[in-house]
Amino acid sequence: MAETQRPPEQFSFRVRRYDPESGEAPYWDEHTVELEPHRSVLEAILQARDRFDGSIGIRCSCRQAICGSCGVRVNGEPALACHTHLDAALKGASDGVIEIEPMGNMPVIKDLIVDMDAVHWKKVQRVTPWLIAKQPVPEREYIVPHENMVDVTQTMGCIQCGACVSDCLAMEVDPGFIGPAALAKAYRFVGDPRDDQQFERLNDLAQDPQGIFDCTHCFKCVDACPKDVNPMGQIMRLRRIATNDHHIVDQNNGERHEAAFTTLIKDYGLLHEAEILPRSYGGNSWFGKFAPAAGKELLSSLPVVIKGVIRGKFNPKIALFGHKIPKDDLKAVQAIYDKVESREKRYELNLYIAGEDEVEVQPAAAAALTAPSIANGGAEPEAATPPSSEGSEQ
Ligand code: SF4
Ligand code: SF4
Ligand code: FES
């Protein structure tokens with residue numbers, strides 16, 4: 001049933017203004033506009049620019065969540081200004097005034113316009129964002145298996161808005177980190193069977209200290225993305241193919257660090273913090289701690305450990321001797337490992353195509369959509385939602 005249109009209401013918002021060339025400090029500028037509640041934050045900014053202050057800097061083009069130009073922060077969260085309704089934004093405003101700022105992790109050019117070239121596009125260039133075709137190129141079209149195409153479609157939905165980059169915690173600490181958008185782009189070609197450089201691409205991204213193992217699994221990019229690209233999921237796929245399929249052992253100890261996590265949970269049922277570093281740097285067993293590389297790493301982490309103990313972040317006894325869980329629970333955890341490890345093929349759960357049915361699907365199409373495939377790991381068929389057609393390949 002069509003929603004009844006609500007009459008215009010007043011919405012107040014404050015914009016963070018900054019012109020680096022002026023030499024003045026950033027400041028807040030507040031305006032009130034009158035618009036229907038379903039109108040967007042972008043429309044509010046444009047109205048204020050038309051009526052009150054023509055100098056407000058904002059970049060936009062399509063106004064339909066397609067071009068990726070209007071990335072900003074609304075009430076502290078990354079968003080597309082054209083895709084954020086005023087009534088929804090008002091709900092997130094702590095004092096009844098919608099707060100609009102430029103995206104993070106990128107230098108401000110003016111007001112809400114950030115320098116995408118300096119950060120985002122530079123990183124996308126870093127991952128060779130084009131297909132390097134296998135030779136010889138077929139005379140006619142190259143038929144890509146349906147499953148592979150579904151698998152890379154999620155990354156093709158990226159509109160390069162930079163919202164994930166804006167919120168990436170790893171980039172905040174290490175601005176050189178290749179970052180979520182560029183790594184999602186890398187998966188676009190790593191997952192494409194027509195590409196000839198899968199190993200080379202993965203080896204490059206694994207050996208780079210600011211590559212796939214620099215991500216801290218914080219999920220911020222997953223929440224930030226307006227197109228459900230799930231950049232963190234793409235990074236995890238890159239890691240799995242690099243380590244499980246190509247057996248790449250990287251100079252950053254990323255592969256060993258992940259292996260340490262999984263074997264510790266298999267052995268103890270829960271994480272054994274004191275063992276992670278030695279196993280990651282000294283070898284994945286109890287004896288790892290006696291390797292010189294592990295000793296060096298343990299020594300350098302002592303100040304952090306001491307600070308953590310003083311602040312009560314963890315219990316030294318539990319951290320040193322490990323968590324104990326009941327024997328039956330441990331057996332249940334180990335049974336999961338046995339089941340997964342006994343499979344001949346690794347299963348990937350593609351959340352993009354699994355989930356609730358949102359549209360009515362014809363029986364024949366439903367059968368095709370729910371057939372087991374590589375993309376959903378060949379697991380039991382689940383209700384499938386066709387991939388969004390909103391995004392465009394960049
Ligand atoms: S999950 Fe990784 S890539 Fe995504 S925001 Fe966090 S650190 Fe960045
Ligand atoms: S992955 Fe999502 S948030 Fe990141 S640039 Fe692409 S569309 Fe924007
Ligand atoms: S104006 Fe194009 S995504 Fe917002």
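1. Basis of the model. The model is predicted, with local features requiring pLDDT of at least 70 and side-chain atom pairs counting only at pLDDT 80 or more, while totals for chains, interfaces and linings use all residues. Residues are numbered from 1 along each chain as its sequence is written, and chains are lettered from A and ligands numbered from 1 in the order in which they are written.

2. Shell of ligand 1. Ligand 1 is surrounded by 14 residues, and the closest are C168, A170, C215, C218 and C221. A residue belongs to such a shell if its C-beta atom, placed from the backbone, lies within 6 Å of the molecule. Two or more residues come from each of α6 (169–173), α9 (220–224) and α10, and α10 gives the most, with three residues. Helices (H or I, at least four residues) and strands (E, at least two) are DSSP runs numbered from the N terminus. By type, the shell around ligand 1 has eleven nonpolar, two polar and one charged residue. Here Ala, Val, Leu, Ile, Met, Phe, Trp, Tyr, Cys and Pro count as nonpolar, Asp, Glu, Lys and Arg as charged, and the others, Gly among them, as polar.

3. Shell of ligand 2. Around ligand 2 there are 15 residues, of which C158, C161, C164, C225 and V229 are the closest. The elements giving two or more residues are α5 (163–167) and α7 (180–190); α7 gives the most, with three residues. Twelve residues of the shell around ligand 2 are nonpolar, two are polar and one is charged.

4. Nonpolar core. The largest nonpolar core holds 64 residues, and V41, L183 and L238 have the most contacts inside it. Such a core is a set of buried Ala, Val, Leu, Ile, Met, Phe, Trp, Tyr and Cys residues joined through C-beta atoms within 7 Å. The element giving the most to this core is α7, with eight residues. Because domain 1 (10–114) and domain 2 (117–245) both give residues to the core, it lies between them; the domain bounds come from an automatic or database domain assignment. Leaving aside residues up to four places away in sequence, L238 touches L183, A186, Y187, V190, L202, L205 and I212, contact being C-beta atoms, placed from the backbone, within 7 Å.

5. Helix α11. This helix has 15 residues and spans 21 Å from first to last C-alpha, close to the 21 Å expected at 1.5 Å a residue; the expected span is 1.5 Å times one less than the number of residues. G254, E255 and A260 of α11 are buried, and the buried residues of α11 pack against α8 (198–207), α10 and α12 (273–282). After α11 comes G269, with a positive phi near 85°.

6. Backbone features in loops. A cis peptide bond, with omega about -10°, joins Q135 and P136; P136 lies in the loop between α3 (117–126) and α4 (146–156). D111, although not a glycine, has a positive phi of about 50°, and lies in the loop between β6 (108–110) and β7 (113–114). D111 counts as buried because it has 24 C-beta neighbours inside 10 Å. N253, also a residue other than glycine, has a positive phi near 65° and lies in the loop between α10 (231–245) and α11 (254–268). With 19 other C-beta atoms within 10 Å, N253 is partly exposed. A residue is buried with 20 or more other C-beta atoms within 10 Å of its own, exposed with 12 or fewer, and partly exposed in between, C-beta atoms being placed from the backbone.

Technical notes
Two residues are in contact if their C-beta atoms, placed from the backbone, lie within 7 Å.
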